[in-house]
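Welcome! Here are some exercises to work through with the structure open beside you. Try each task before you read its solution.

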Amino acid sequence: MRRKKRRKPSQGLARVLINVLLVLSGSAIVAIAFNLFLLPNAIASGGLSGFATIMYQVFGFAPHITLYALNIPLFLLGMLLLGGFRYGGMTLAGTLFLPFVVFLTQHWPPLTTEPLLAAIFGGVGVGTGLGLVFRSGASTGGTDLAAQIIHKYTGVSLGAGVFIMDGLIVGMAAIAFSIEFALFALIGLFITGKTIDIVQIGFGYDKIAFIITEEQEKIKKTILNDVDRGVTKLQAYGGYTEDDRPVLMCVVNRNEIPFLRQVVQDIDRDAFIVVTNATEVLGRGFKME
């Protein structure tokens with residue numbers, strides 16, 4: 001049996017530093033895009049930042065205060081109800097750093113006063129930042145964290161939970177501002193989602209992961225228990241050795257790919273992972289006809 005290579009301490013430290021850099025830089029990009037495009041043009045394109053936009057435009061509440069007031073309790077509630085996060089430290093970093101950069105850049109002048117341009121470029125900026133944060137396996141808290149809580153206690157999928165909450169915020173924007181501004185917010189929300197896909201690993205919403213590893217049982221159990229997705233074992237043979245080499249197949253949501261990749265590599269650094277787009281997925285945990 002081939003001896004498994006040990007991971008060098010320097011490699012683990014480098015990965016942590018890279019993840020920290022992704023979280024901080026991604027959070028900063030989100031905050032800057034928020035102040036330069038979305039906030040001054042009243043584009044409340046979902047998430048707690050969208051709610052902060054409404055609170056600022058209607059009541060004059062400072063956005064960074066609103067974000068801190070909502071994000072910190074949500075993070076603590078998530079730690080309590082979800083039993084802690086694998087990357088809780090990274091998520092906390094994003095939760096605290098994003099409002100801080102919003103505060104630092106609050107007096108920067110907007111780059112445009114045209115709502116459509118603000119929705120487009122604000123969506124690209126927010127999507128780019130969130131994509132970087134998601135690549136680290138963390139999040140900036142907010143509706144993503146709330147969706148995880150809802151998913152655990154109601155069974156509603158993560159995608160549906162985020163969609164419902166973002167929809168409520170856009171609906172609030174329609175009431176607070178106008179239907180026209182709510183439509184601009186939907187454009188921004190759509191562009192944000194597509195940009196997140198591009199920054200991560202593709203354009204499709206759902207992904208199929210094929211995993212070839214010598215630690216099949218450990219990885220299978222981890223996917224079932226920690227990622228909370230089903231696994232199918234496909235019979236395959238090595239093209240050179242002709243030995244049995246089963247392949248694990250797993251269908252996941254786009255936001256779960258960084259976490260899936262990380263848990264697989266934590267168990268087997270030599271695992272071979274192929275991720276491809278799923279044009280349509282029907283069944284439990286995904287769309288139902």
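Helices here are DSSP runs of H or I with at least four residues, strands are runs of E with at least two, and both are numbered from the N terminus. Keep in mind that this is a predicted model.

**Exercise 1. Work out what span helix H8 should have, and check it against its end C-alpha atoms.**

Step 1: Helix H8 covers residues 179-200, which is 22 residues.
Step 2: The expected span is 1.5 Å times one less than the number of residues, and for H8 this gives 32 Å.
Step 3: The end C-alpha atoms of H8 are 32 Å apart, which agrees.
Step 4: Some residues of H8 are buried, including Phe184, Ile191 and Asp197.

**Exercise 2. Trace the network of salt bridges that includes Glu217.**

Step 1: Side chains of opposite charge can pair when their charged atoms come close. Glutamate 217 pairs with lysine 220, with the closest N and O atoms 3.3 Å apart.
Step 2: Both residues lie in helix H9 (residues 216-227), 3 residues apart, about one turn of the helix.
Step 3: Glutamate 217 also meets lysine 233 in a salt bridge, at 3.2 Å from N to O. This pair links distant parts of the chain, since lysine 233 is in strand E2 (residues 232-234), 16 residues from glutamate 217 in helix H9.
Step 4: Put together, Glu217, Lys220 and Lys233 form a network.

**Exercise 3. Which residue forms a salt bridge with glutamate 256, and are the two buried or exposed?**

Step 1: The partner is arginine 229, the closest N and O atoms being 3.0 Å apart.
Step 2: Glutamate 256 is in the loop between strand E3 (247-253) and helix H10 (257-267), and arginine 229 in the loop between H9 and E2, so the pair ties together parts that are 27 residues apart in sequence.
Step 3: Both glutamate 256 and arginine 229 are buried.

Methods:
Residues numbered from 1 in each chain as written. Predicted model: local features only at pLDDT ≥ 70, side-chain atom pairs only at ≥ 80, totals over all residues. Heavy atoms only, no water. Buried < 20%, exposed > 50% of the residue type's maximum accessible area, 1.4 Å probe, protein only. Salt bridge = Lys/Arg side-chain N within 4 Å of Asp/Glu carboxyl O.
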